[in-house]
Amino acid sequence: MIRSFLILLTCLLLFPDAWAQRVKRKGVEPMDVGRKKSAKQSNYQLDQLKGRWQEIRRSPQDNSSALAFTDSLLIRIDGKKGEVRDATSMRIGLIGEAQLEPDNMLSIAADIFEIKYLDKEKLILDDGEFLRVLQKKEIFYHETVGKTPVQTEAIGEPVAINIEQLMGKWLIYRRQAEAGIRDEARMLIKSFEIREIISGNKASGEIAFFSNDITETATCTFIFSNGNMTLETDKHNWVFMTYKADGREFIFGEKGRFMYYAKH
């Protein structure tokens with residue numbers, strides 16, 4: 001027993017660095033954080049890291065080129081508590097104590113990084129495999145999922161439309177029907193394209209619409225007059241009020257019943 005203890009003590013004295021390693025991020029070689037002759041106190045304070053940080057760039061340790069990635073590193077520090085996760089996971093990440101150690105080493109739970117640079121908006125970390133550039137964030141995207149209310153634009157009175165602002169193809173990205181309104185029983189417009197102006201208030205082009213769950217297309221004439229828009233094909237006609245056309249978005253329909261929202 002005494003002999004075994006002496007052997008162990010001798011190993012500790014002769015090879016102290018062998019006992020001074022911590023496991024880093026999964027799949028990364030352990031980083032030596034043992035005492036070094038040149039070890040210096042951290043240049044930073046934990047308060048400087050408070051908040052949310054998201055990885056926006058990744059490169060090899062020589063910073064030779066940017067690497068493609070989808071698993072953005074997310075770090076959140078609040079006081080002495082820290083959390084590390086990646087943006088591809090909706091699960092809770094590693095949560096534990098956050099602390100700064102000599103040689104600008106940052107440890108959060110089981111993860112260890114070397115701080116290469118830090119200011120109010122930018123953080124550069126070396127995790128032993130990559131250089132990771134992180135940006136300060138007010139909130140992470142996953143924290144907004146299902147919580148951000150959809151902003152509905154207030155619709156005013158019908159407005160006259162300048163046909164030139166509607167030239168080109170428009171896709172319907174949203175339909176809004178009031179409760180109890182069964183306009184969806186009619187043919188629903190999917191997209192349309194205005195190709196040529198025939199006169200000051202008339203143009204020609206093509207329209208795509210749903211008919212019994214089948215998409216049909218037809219040549220169409222577009223007629224605009226005092227806040228109204230009429231769409232005429234060989235077999236079908238539509239009449240709508242026009243509420244907005246700014247070159248980027250076109251809103252039309254019947255306020256209080258059924259509305260179309262279109263974009264280029």
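**Note on the strands of this predicted model**

1. Start with E17 and E18. Strand E17 (residues 249-254) pairs with strand E18 (residues 258-263) in the antiparallel sense, over six bridges. Strands here are DSSP runs marked E, at least two residues in length, numbered from the N terminus. Two strands count as paired if DSSP finds at least two bridges between them. Within this pair, Phe252 stands opposite Tyr260 in E18.

2. A word on the basis. The model is predicted, so local features need pLDDT of at least 70 and side-chain atom pairs count only at pLDDT 80 or more, while totals for chains, interfaces and linings use all residues. Residues are numbered from 1 along each chain as its sequence is written, and side-chain values use heavy atoms, with hydrogens and water left out.

3. Now the barrel. Eight strands close into it, in the order E11-E12-E13-E14-E15-E16-E17-E18, with antiparallel pairing. From one strand to the next, the twist averages 35°. Such angles run from 0 to 180 degrees between N-to-C directions, with axes as lines fitted to C-alpha atoms.

4. Turn to E5 and E6. Strand E5 (residues 81-86) runs antiparallel to E6, and four bridges join them. Lys81 stands opposite Glu97 in E6.

5. Next, E6 and E7. Strand E6 (residues 94-101) pairs with E7 in the antiparallel sense over four bridges. The bridge partner of Gln99 is Ser107 in E7. This hairpin has three residues between the strands, and Asp103 takes a positive phi near 65°.

6. E7 also pairs with strand E8 (residues 111-118), again antiparallel and over four bridges. Leu106 has Phe113 in E8 as its bridge partner. The hairpin of E7 and E8 has two residues between the strands. Ala109, in the turn, has a positive phi of about 55°.

7. Which way do the residues of strand E7 point? Met105 and Ser107 point one way, Leu106 and Ile108 the other way.

How values were computed
Buried < 20%, exposed > 50% of the residue type's maximum accessible area, 1.4 Å probe, protein only.
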